[in-house]
Amino acid sequence: MSDDARFERAVEIVLAHEGGLVDDPADPGGVTNHGISLRSYPELGAAGIRALTPEQAKEIYRRDWWLRYGWADFPPSIGAKLLDIGVNIGAEPVHRALQRALRATGATVAEDGVLGLATRAAVAEADPGALVAALRSEVAGHYRVIAALHPAEQRFLQGWLARAYG
């Protein structure tokens with residue numbers, strides 16, 4: 001499967017989870033469209049976020065996430081899960097979750113949030129199915145901690161868990 005096809009499959013999952021335009025006062029990201037938030041992309045302005053098309057959002061995801069972090073280099077299920085969760089919780093937290101998942105599957109890697117050579121090598125050696133299962137568990141734990149520490153965000157927990165386990 002080509003990188004373009006792998007990216008298209010992965011980004012469709014992201015867009016399905018993110019939905020369209022959201023302007024929820026409880027969302028710390030502010031006005032958000034197709035998962036692209038004003039907090040993360042202030043240069044677009046609120047009007048730019050509102051006008052964002054799915055194709056424009058895809059290009060942001062490709063440039064700022066998929067290519068930047070090299071997730072295309074991983075097995076498709078791992079790359080897709082990293083994209084889906086990474087755009088929601090951030091690169092360092094998703095990389096830490098990946099490293100914890102690798103350790104849960106028997107790899108010896110540091111939990112530093114960096115996709116260095118050791119982490120990349122461990123992903124290459126891991127069983128993709130086992131690693132995705134462990135990653136889902138680690139991400140769900142991350143979301144549960146957020147909900148426990150920030151009671152106002154508990155209303156998002158069920159959706160977050162559906163995303164983690166999806």
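A crossing of two helices is left-handed if the near helix is turned anticlockwise from the far one by less than a right angle, and right-handed if clockwise. The views below come from a predicted model, in which local features need pLDDT of at least 70, side-chain atom pairs count only at pLDDT 80 or more, and totals for chains, interfaces and linings use all residues. Residues are numbered from 1 along each chain as its sequence is written, and side-chain values use heavy atoms, with hydrogens and water left out.

**View 1. Helices α7 and α8 cross in the right-handed sense.** Helices are DSSP runs of H or I with at least four residues, numbered from the N terminus. The axes of α7 (residues 128–149) and α8 (residues 157–165) come within 8 Å and cross at roughly 165°; axes are lines fitted to C-alpha atoms over the stretch in contact, with angles from 0 to 180 degrees between N-to-C directions. The two helices are therefore roughly antiparallel, a term for angles over 145 degrees. Residues of α7 including Y143 and I146 meet residues of α8 including W160 and L161.

**View 2. S77 lies in helix α4 (residues 76–89).** S77 is partly exposed, because its relative accessible area is 36%, between the limits of 20% for buried and 50% for exposed (1.4 Å probe, protein chains only). Beyond its neighbours within four places in sequence, S77 is in contact with P128 and V132, where contact means heavy atoms within 4.5 Å.

**View 3. Three strands form an open sheet in the order β1-β2-β3, with antiparallel pairing.** The edge strands, β1 (21–22) and β3 (36–37), each pair on one side only. Strands are DSSP runs of E with at least two residues, and two strands pair if DSSP finds at least two bridges between them. N33 has I36 in β3 as its bridge partner.

Definitions and conventions
Parallel < 35°, antiparallel > 145°, perpendicular 65-115°, else oblique.
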